[in-house]
Amino acid sequence: MKKSIWLFSVLLIPFILLPLVSCSPAVSAAPTSAPTQEPVQTAAPTVTLTPSPEPTPTLNPIEQKEAEVNQEIQDFLNAVGIYQDYKMDLGAFKFPDGKAITADLGIISDQLDIQGCLIDYIEKDDYIFLVTGFENKDKGRFVTVLAIARYFYEGRDSLFGFTEGPSTTDCHTIVEENYSHEVMLFYLNKLKGKVCGFYMTLNKTSEREFKSYGLDFDWVPRYVEEANNSTEFAKRLLNTVATNDFKSMDPRYVGIWKESIGKEPMVGLNRIDYESLSGLVVPFIQHQLRCKNFSSD
């Protein structure tokens with residue numbers, strides 16, 4: 001009997017274990033992960049930097065004036081715009097005998113007056129520098145500088161004047177009761193770009209000569225020294241400009257004329273440097289400026 005019970009128990013064990021196995025939690029296989037996708041590296045767009053325009057340098061008033069004058073010099077040398085030959089001809093003076101002359105910008109009288117084109121002027125220190133265009137003996141144009149001493153004329157109407165007329169003898173003086181620096185600039189502005197007549201200081205002077213005319217001012221010694229130094233350059237200019245076929249001279253000027261012939265001709269300027277004007281020795285304008293017609297264009 002015990003044997004039967006043992007056998008029965010052995011046979012029963014599989015049936016007991018089977019449900020237990022069936023009820024155990026199912027172990028599922030871990031899912032296979034999808035391959036990780038690396039982020040695509042997109043190249044950054046190329047940025048083209050547009051450089052900011054360089055700021056235009058601002059010129060101060062002196063630099064602006066210098067630039068304007070230098071442009072006018074080039075225009076005169078190239079005979080363009082208001083400096084064309086026919087316009088210079090229209091402004092040219094006549095000889096004292098009435099004979100019309102072309103615009104050879106040079107000697108216009110037997111007293112060695114000269115004509116040239118007043119391109120512009122520059123004020124510096126105690127002077128007004130006249131940037132002036134002439135023609136040489138070969139009819140080539142050149143530019144040089146003349147000077148008016150401000151201390152010579154300011155407030156003294158008897159020492160400087162402007163004359164108007166077709167020739168050096170057929171002209172009249174423009175008189176201002178209150179002569180001043182402002183009046184000087186007023187007329188110079190009218191003359192810019194026009195043919196003008198200039199009478200330079202050609203003879204050396206002295207303080208005694210000034211006093212003989214009742215001119216005993218504190219500026220006289222300075223003017224005498226500077227004007228006397230300028231005569232050398234005035235004679236050089238006479239030997240550079242066109243002669244307009246002048247063959248005879250006023251007897252008082254024959255000696256100056258002959259002396260000028262031996263002088264070294266002046267070298268023309270292509271540009272003006274404002275700072276270099278200080279201490280520059282140039283021909284002095286003695287006492288007046290002439291123009292054929294102040295009101296004409």
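The model is predicted; local features need pLDDT of at least 70, side-chain atom pairs count only at pLDDT 80 or more, and totals for chains, interfaces and linings use all residues. Residues are numbered from 1 along each chain as its sequence is written, and side-chain values use heavy atoms, without hydrogens and water.

The protein chain has 297 residues, and 41% of them are buried (under 20% relative accessible area; exposed is over 50% and partly exposed lies in between, with a 1.4 Å probe and protein chains only).

The secondary structure comprises 8 helices and 7 strands. Both are DSSP runs numbered from the N terminus: helices are H or I with at least four residues, strands E with at least two. An open, mixed sheet contains 7 strands in the order β3-β2-β1-β6-β7-β4-β5. β3 (141-149) and β5 (172-174) stand at the edges with a single partner strand each, so one side of each lacks a neighbour in the sheet. Neighbouring strands are turned by 40° against each other on average, direction ignored. Within the sheet, β4 (161-164) and β7 (285-291) pair in the parallel sense over 4 bridges; pairing requires at least two DSSP bridges between two strands. Glu-164 stands opposite Cys-291 in β7.

Helix α5 packs on the sheet and touches β1, β2, β3, β4, β5, β6 and β7; its direction makes about 130° with that of β1. Axes are lines fitted to C-alpha atoms, for helices over the stretch in contact, and angles run from 0 to 180 degrees between N-to-C directions. The buried residues of α5 (181-191) include Leu-188 and Leu-191. Both are in contact with Leu-289.

The largest nonpolar core has 71 residues, of which Leu-130 and Leu-289 touch the most other members. Such a core is a set of buried Ala, Val, Leu, Ile, Met, Phe, Trp, Tyr and Cys residues joined through side-chain atoms within 4.5 Å.

Lys-192 lies in the loop between α5 and β6 (195-200). Lys-192 is partly exposed, at 33% relative accessible area. Its C-alpha atom is separated by 7.8 Å from that of Cys-117, 75 residues apart along the chain.

Key:
Contact = heavy atoms within 4.5 Å. Lists of a residue's contacts leave out its neighbours within four places in sequence.
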